[in-house]
Amino acid sequence: MSQEVFRHPVLLREFKETDLEQVFNLASTVFDEQYRPETFLHFHNAWPQGQLVVQSPEGRILGFIFGVMAENGQCRIMLVAVTPMMRGLGIGVRLIRDFETRAAVGGSKRICLELRYSKTRLLEFYRRLGFLVEGVLPLYYSDGEDGILMSKPIQWNI
Ligand SMILES: CC(C)(COP(=O)(O)OP(=O)(O)OC[C@H]1O[C@@H](n2cnc3c(N)ncnc32)[C@H](O)[C@@H]1OP(=O)(O)O)[C@@H](O)C(=O)NCCC(=O)NCCS
């Protein structure tokens, strides 16, 4: 997987409320589902350390990851996206790896996520990052498509 992004001066940091407009606009162009701006603020308020963005030197948001931390120590990746022009440069991997570290620091033992059954490229992407298929979620999406549940145990690498 490309590590080219390390040659680009991008900044990975926690989401701030002032990022909302850019994050919302990126989400609206990338996802079929429409998310309300309040949803991102809800995630942020519940667990600020788990909501991350990648920013260009000019302050443009190039990608983000949003997740939730449940009380049982299980973490869930809710949304991850990179702007189309900047894909394939390692930003997605960086966001997920940093999220995993924050989940571990927050006491999580396991990260899970769901994706559409038809997204085979995305499935391989998560597999390469150590996620395993747990099962199929029948009719999981509002348009009737099945979902796939994946998970990854959190390990401390010392
Ligand atoms: C999935 C995604 C976040 C990856 O970000 P990225 O910065 O391009 O990822 P990286 O550069 O770190 O890694 C590259 C890998 O991402 C995956 N990828 C890249 N573009 C992709 C796309 N359009 N769809 C699915 N996976 C993609 C591939 O596995 C790719 O590796 P490959 O080229 O060897 O197949 C990005 O493609 C994206 O925003 N997709 C649309 C939103 C989405 O489906 N999000 C996940 C569900 S919430």
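The points below take the sheet, its strand pairs and the helices in turn.

1. Basis. The model is predicted: local features need pLDDT of at least 70, side-chain atom pairs count only at pLDDT 80 or more, and totals for chains, interfaces and linings use all residues. Residues are numbered from 1 along each chain as its sequence is written. Helices (H or I, at least four residues) and strands (E, at least two) are DSSP runs, numbered from the N terminus.

2. Sheet. An open sheet with mixed pairing is formed by seven strands, ordered β1-β2-β3-β4-β5-β7-β6; two strands pair if DSSP finds at least two bridges between them. At the edges stand β1 (11–14) and β6, each of which pairs on one side only. From one strand to the next, the twist averages 25°; axes are lines fitted to C-alpha atoms, for helices over the stretch in contact, with angles from 0 to 180 degrees between N-to-C directions.

3. Among the six residues of β6 (132–137), the count of buried residues (20 or more other C-beta atoms within 10 Å of the residue's own, C-beta atoms being placed from the backbone) is zero. Five bridges pair β6 with β7 (residues 147–153) in the antiparallel sense, and V133 has M150 in β7 as its bridge partner.

4. Strands β2 and β3. Strand β2 (residues 52–55) runs antiparallel to β3 (residues 61–69), joined by four bridges. Here Q55 is opposite I61 of β3.

5. Helices. Helix α3 (residues 91–105) lies across β1, β2, β3, β4 and β5 (110–116), at about 30° to β3. Residues are in contact if their C-beta atoms, placed from the backbone, lie within 7 Å.

Conventions
Buried ≥ 20, exposed ≤ 12 C-beta atoms within 10 Å, placed from the backbone. Contact = placed C-beta atoms within 7 Å.
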